[in-house]
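I opened this notebook to record what I looked up on nonpolar cores and strand pairing.

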Amino acid sequence: MSSTSTTTVSTGGLPSRRNTELAMLVFAVVIPILAYANVGLAKDETIPAGMLGYGLGLGLMAGAAHLVVRRWAPYADPLMLPIATLLNGLGLVLIWRLDQEPEITTSALGGPMAADQLIWSTVGVALFLAVLIFLKDHRILQRYTYISMVVALILLASPIFIGESVNGARIWVQIPGVGSLQPGEFAKIVIAVFFAGYLMVKRDALALASRRVMGVYLPRGRDLGPILVIWAISLMILIFETDLGTSLLFFGIFVVMLYVATERTSWIIFGLLLSASGAVFVASTNAHVGQRVDNWLNPLALENDGVTETAQSMYAFGSGGLFGSGLGQGYSRLIGGIAAKSDYILATVGEELGLAGLMAVILLYALLIERGMRTALAARDPFGKLLAVGLSGIFAIQVFVVAGGVTGLIPLTGMTMPFLAQGGSSVIANWALIALLLRISDTARRPAPAPAPSPDAEQTQVVRV
Amino acid sequence: MSELTLTVMRLGFLAVLWLFVIVAVQVIRSDLFGTRVTQRAAARRPDQAPQQRRPQQPAPRGRQRRGAPTKLVITEGSLAGTTVALQGQTITLGRAHDSTIVLDDDYASGRHARIYPDRDGQWIVEDLGSTNGTYVDRGRLTTPVPIAPGTPIRIGKTVIELRK
């Protein structure tokens, strides 16, 4: 329909691309299997016994996901699922590879984790399937704008009341019989739904009612309300849960979506000013956050008669060099503790696959985010556009914050690398996030239905007698 | 395991990883050709449209009179050259993103005007309470008026007209 696409890029009847997706998925399952073989051969000179199991598990997950996409979202983007599968598979290999190091796989540290991670991934894919099957249209979520705000606030606040403090951050909630859960990981998706619904309604007021001073639009005082409320909430998370990551993600995603909804640069300036002042304030008053900043400023300083984790991860990147030491041949176990498998898993990538491998992994994340933004461009409804921007923005901020923290660009925040790092909540939530993006992309790329014949046309029909 | 085998495996794995990235980029590239950016050249004709477009749905021509305009052309402004086929649907103009024609014009309002066919198939232009007004033949619109093909309609710096 040329009438609906005059100025924007539109999808002119794309083929469904499901076969492309299948081919990419096979590729995405083969790469982690190769990596298993590589680790096994390097460490024990044999093909590891568990390789078949993990390969089969990953393959079954990917196959089930593909079949459901084929049936329930036939026009969805062909790349998101393969990239997510590959990242998840690589994460499983890396965790399994770190499980082979006896020093960091003691029972005090939780023992081997790859099997658990595979189970969590399966749960994640199950949630992915459920979202695709039961959410027929993403616009249904629009009805739950304010409910999702309440749900997100409950999820974000729950660790303060019923949570426990682990490694200084209070972000876990114990669920008897299941283990601990990070509600923040799920809150990020729900909050994107709220922001998309809220900004879709309010964006005209936020964009248009403003004065122009020195080239930037100054919003009216009362329009600053929402951003100040969100800022205050994210500072509360930072102070009461001492969780830098969630706080940054929560505020960052609001500023990103506000900018996309209103096209006003001034929101970004306000956002940066507010987050900078908030960060400085909390870093100077809160001991835990202050220590993270200290580690960032002086990574090579000694701490408890040893080098810091930040320094160890920098050594790992350095020893990896351009092409890495090879899978299974690095020393990232020296980072110590469980952190090597969760927060610092990128250091293992950097050491064993080198700069070349690290860049490939980061490019995979970039491609996934690009597909999300592309979905936002192609989406026809403003809610879908904003939601797709929000979800891929969450992904982008999370990757930036973790990768920046591990490489020493910004203070470490204790978030997980999506799909790659060990952690059940994270992998489950990210699969759900991908499912939502696929749902929006299916709606966006689906060819428009033929217009219904107009009743007038039949009335004026000439009937030959 | 010999050093050589391990080196080959290490570089081979990196190559496979990059191959995946490159194939993924190729998929995106082929996707780009599936999309269509509307030509803004003034001399565009329907038969010059890109190959990948869907077959045109039959337009509901039943209520269109003989000699009724078939397309809307933007003749001046940043979108000059854009054409929109008239198929009996309402066309909204304005800066709002969900307008049929999204005007990139500082003088246009979010929802500036709309052009729609009445029951007789006559095309009507109506100002939607815009700030700077919609002008037909130098006169500012206050009520919906029918427009004949070739009459310039001015919105800010943008001029559109209906053509046969």
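**Nonpolar cores**

I looked up the largest nonpolar core and found 140 residues, with A:Phe128 and A:Met417 having the most contacts inside it. Such a core is a set of buried Ala, Val, Leu, Ile, Met, Phe, Trp, Tyr and Cys residues joined through side-chain atoms within 4.5 Å; buried means under 20% relative accessible area, with a 1.4 Å probe and protein chains only. Helix H12 (residues 345-378) of chain A gives the most to this core, namely 16 residues. Another core, of 21 residues, lies apart from it and includes B:Val84, B:Ile101, B:Leu103 and B:Ala108.

I noted the basis of these values: the model is predicted, local features need pLDDT of at least 70, side-chain atom pairs count only at pLDDT 80 or more, and totals for chains, interfaces and linings use all residues. Side-chain values use heavy atoms, without hydrogens and water, residues are numbered from 1 along each chain as its sequence is written, and chains are lettered from A and ligands numbered from 1 in the order written.

**Strand S12 of chain B**

I then turned to strand S12 (residues 158-163) of chain B, where 5 of the 6 residues are buried, so the strand is largely enclosed by the rest of the structure. Helices (H or I, at least four residues) and strands (E, at least two) are DSSP runs, numbered from the N terminus.

Strand S2 (residues 71-76) of chain B runs antiparallel to S12(B), joined by 5 bridges; pairing requires at least two DSSP bridges. B:Ile160 is the bridge partner of B:Ile74 and also of B:Ile153.

Key
Buried < 20%, exposed > 50% of the residue type's maximum accessible area, 1.4 Å probe, protein only.
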